[in-house]
Amino acid sequence: MIKNIIFDLGNVLINFKPYEFLLRFTNDKEYIDQFISKVTRSKTWLELDRGTESLENARTIFLSKYPQEKDFIEQFFDQWMDMLAPIEENIKILEELKELGYRTYILSNYIIEAFSYVSSKYSFLSLFNGQIISGVEKVIKPEKAIYELLLSRYNLVPEESLFIDDILFFLKPAKKLGMKTIWNRPETDLREELKKLYVLPQN
Ligand SMILES: [Mg+2]
């Protein structure tokens with residue numbers, strides 16, 4: 001029986017869509033693709049997730065690496081947290097799960113500064129029984145240690161725990177440890193998936 005519901009944040013409860021966001025500054029789709037792979041898919045960004053690099057430092061690193069793109073990089077770093085908008089239909093589900101008595105947790109690769117930002121902005125982040133944020137814990141998905149940290153810190157039985165993430169390879173370690181999983185793709189109807197697992201009532 002599932003008792004614990006564990007949520008990823010990015011693209012499960014809070015949007016993270018750099019491509020759509022960058023259309024704010026340019027229509028050059030090729031440039032956007034390049035920028036995304038150079039910045040939000042870079043090693044430096046992973047270090048931000050891991051909490052071993054600060055946002056301020058990261059900005060400096062990118063500016064010195066790509067001086068000819070100074071204005072674009074500055075704009076991005078000034079405004080990127082605007083894209084962290086709540087995904088309302090899934091927050092509604094989270095609230096229903098709380099009311100049904102499930103314990104709820106966060107397991108997310110998230111930059112510390114961004115987590116502080118969303119925590120101060122969105123009250124739903126206070127609804128959780130616990131949270132493992134990569135930037136705080138200095139360990140990231142898909143490293144096994146972060147899943148084990150979640151289970152041990154909150155005394156969770158893997159078989160009683162369901163993990164929801166939009167990235168398939170972040171689900172694999174959870175599955176290996178015995179947790180149930182939902183792959184929340186853009187086309188996924190999360191409510192339906194939760195009904196299939198008898199987590200939400202069938203109506
Ligand atoms: Mg995500």
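Student: In the protein chain, what share of the contacts with a separation of 6 or more comes from residues 24 or more positions apart?

Tutor: In this predicted model, residues 24 or more positions apart account for 64% of the contacts in the protein chain that have a separation of 6 or more. Contact here requires C-beta atoms, placed from the backbone, within 7 Å of one another.

Student: What makes the radius of gyration of the protein chain agree with that of a compact globule?

Tutor: The rule for a compact globule with 203 residues gives a radius of gyration near 17 Å, and the protein chain has 18 Å, so the value agrees with the rule. Along its principal axes, the C-alpha trace spans about 55 × 35 × 30 Å, and 29% of the 203 residues count as buried. The secondary structure comes to 11 helices and five strands.

Student: Why is Thr104 called partly exposed rather than buried or exposed?

Tutor: A buried residue needs 20 or more other C-beta atoms within 10 Å and an exposed one has 12 or fewer; Thr104 has 17 C-beta neighbours inside 10 Å, so Thr104 falls in between and counts as partly exposed. Thr104 is found in strand 2, residues 103-108, and, leaving aside residues up to four places away in sequence, the residues it touches include Ile5, Phe7, Leu94 and Leu127. The C-alpha atoms of Thr104 and Gly130 are 7.1 Å apart in space, although 26 residues separate the two in sequence.

Student: How do you know that the buried residues of helix 10 line one face of the helix?

Tutor: In helix 10 (residues 168-176), the buried residues are Phe170, Leu171 and Ala174. Seen down the axis of helix 10, these fall within an arc of 100°, so they line one face. The face turned away from that buried side carries the exposed residues Leu168, Phe169 and Lys176, while what covers the buried residues includes helix 9 (144-153), strand 4 (161-165) and strand 5 (180-183). Just after helix 10, Gly178 takes a positive phi of about 105°.

Student: What is the handedness of the crossover from strand 4 through helix 10 to strand 5, and how are these two strands joined?

Tutor: Four bridges join strand 4 to strand 5, and the two strands run parallel; the chain crosses from strand 4 through helix 10 to strand 5, and this β-α-β crossover is right-handed. Asp165 has Trp183 of strand 5 as its bridge partner, and Trp183 lies with Thr181 on the uncovered face of strand 5, whereas Lys180 and Ile182 make up the covered face.

Conventions:
Residues numbered from 1 in each chain as written. Predicted model: local features only at pLDDT ≥ 70, side-chain atom pairs only at ≥ 80, totals over all residues. Arc of directions from axis to C-beta. Contact = placed C-beta atoms within 7 Å. Pairing = 2+ DSSP bridges. Right-handed = clockwise from strand over helix to strand, strands pointing away. Rg over C-alpha atoms; globule rule 2.2 N^0.38 Å.
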